[in-house]
Amino acid sequence: MELPPEIARVLVTAAELERVVGELAARLEQDYEGREPVMVGALTGAVVVLADLARRVRLPAQIDFVSVSSYGNQATSSGQICWRKGLSLDIRDRDVVLVEDIVDTGETVACLQRALAAEQPRSLRTLALLDKPSRRRVEVRLDYVGLEIPDEFVVGYGLDYAQRFRNLPYVGVLKPEVYA
Ligand code: IMP
């Protein structure tokens with residue numbers, strides 16, 4: 001397979017992603033049997049994983065998206081609003097699954113968890129397709145993790161560098177000289 005010149009190598013193939021998403025879907029099916037969870041994705045990165053995951057989960061589910069704005073440490077520690085586009089659905093008393101593409105320092109997920117919890121859902125769990133635990137600055141609870149990955153900048157399957165590469169069907173490592 002020919003890679004774009006900016007991509008050093010494939011870290012997670014499309015087939016591996018399909019397997020991982022299938023496993024995550026199976027766990028959600030078990031844990032949410034008899035319920036109708038609301039799957040909330042953080043734009044734009046989570047679009048791809050949420051679209052694949054939602055179609056694999058054989059449960060009645062609802063889908064919503066929030067658009068995360070840039071944040072500073074201040075905003076996260078004081079629990080201020082961290083989204084530009086909030087929820088469309090009312091999640092009060094609902095079972096909510098926050099779906100993230102990747103968790104790095106943990107700041108984004110921490111802020112989203114606080115903001116979603118403030119809407120008083122019945123339950124709130126967090127799913128991350130990819131986790132870079134070595135970079136964590138804020139401790140966050142992740143209930144479902146697809147894959148732990150090393151500290152490298154990755155793109156594809158929703159993840160971008162400067163809005164590029166989101167539609168690659170695999171997760172690839174970006175050559176460091178591209179962002180250096
Ligand atoms: P955190 O707040 O540091 O955990 O970062 C989370 C966000 O940073 C993710 O939702 C991504 O948008 C972005 N991000 C972190 N690491 C990567 C990466 O390796 N590739 C692309 N985006 C990343």
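Student: On what basis are the values given?

Tutor: This is a predicted model, in which local features need pLDDT of at least 70 and side-chain atom pairs count only at pLDDT 80 or more, while totals for chains, interfaces and linings use all residues. Residues are numbered from 1 along each chain as its sequence is written, and side-chain values use heavy atoms, with hydrogens and water left out.

Student: Within what arc do the buried residues of α2 fall?

Tutor: Helix α2 spans residues 47-56, and V49, L50, L53 and A54 are buried there. Helices (H or I, at least four residues) and strands (E, at least two) are DSSP runs numbered from the N terminus, and buried means under 20% relative accessible area, exposed over 50%, partly exposed in between (1.4 Å probe, protein chains only). The arc is taken from the directions that run from the helix axis to the C-beta atoms. Seen down the axis, the buried residues of α2 line one face of the helix, because they fall within an arc of 125°.

Student: Which elements are included in what covers the buried residues of α2?

Tutor: Contact means heavy atoms within 4.5 Å. The cover of these buried residues includes helix α1 (14-31) and the strands β2 (38-43), β3 (62-68), β5 (95-103) and β6 (123-131).

Student: With which residues is L53 in contact, leaving aside its neighbours within four places in sequence?

Tutor: L53 is one of the buried residues of α2 and one of the core members that touch the most others. Beyond its sequence neighbours within four places, L53 is in contact with V21, L24, A25, L28, M39, V99 and L127.

Student: How many residues are in the other core that lies apart?

Tutor: Among the members of this other core are V38, W83, A115 and L116. Of these, A115 and L116 are also listed as buried in α4, a helix that is mostly covered, with 8 of its 11 residues buried. The size of the separate core is 15 residues.

Student: What is the volume of the largest pocket?

Tutor: On a 1 Å grid over the protein atoms alone, a cavity is a set of points where a 1.4 Å probe fits but cannot get out, whereas a pocket is an open set with protein on both sides within 12 Å along at least five of seven lines; lining residues have an atom within 4 Å of a point. Grid points are joined across faces, edges and corners, and a volume is the space filled by probe spheres set on the points. For the largest pocket the value is about 760 Å³.

Student: Which element gives the largest share of the lining of the largest pocket?

Tutor: The lining has 30 residues, with D101, I102, T108, L159 and D160 nearest the centre of the pocket. Elements that give two or more residues are β2, β3, β5 and α4 (107-117). The largest share, 4 residues, comes from β5.

Student: Is E29 buried or exposed?

Tutor: E29 is placed in helix α1. Residues that E29 touches, not counting those up to four places away in sequence, are R56, V57, R58 and L59. Because its relative accessibility is 18%, E29 counts as buried.

Student: What is the phi of D93?

Tutor: D93 lies in the loop between β4 (83-85) and β5. With a relative accessible area of 56%, D93 is exposed. Although D93 is not a glycine, its phi is positive, at about 65°.

Methods:
A nonpolar core is a set of buried Ala, Val, Leu, Ile, Met, Phe, Trp, Tyr and Cys residues joined through side-chain atoms within 4.5 Å.
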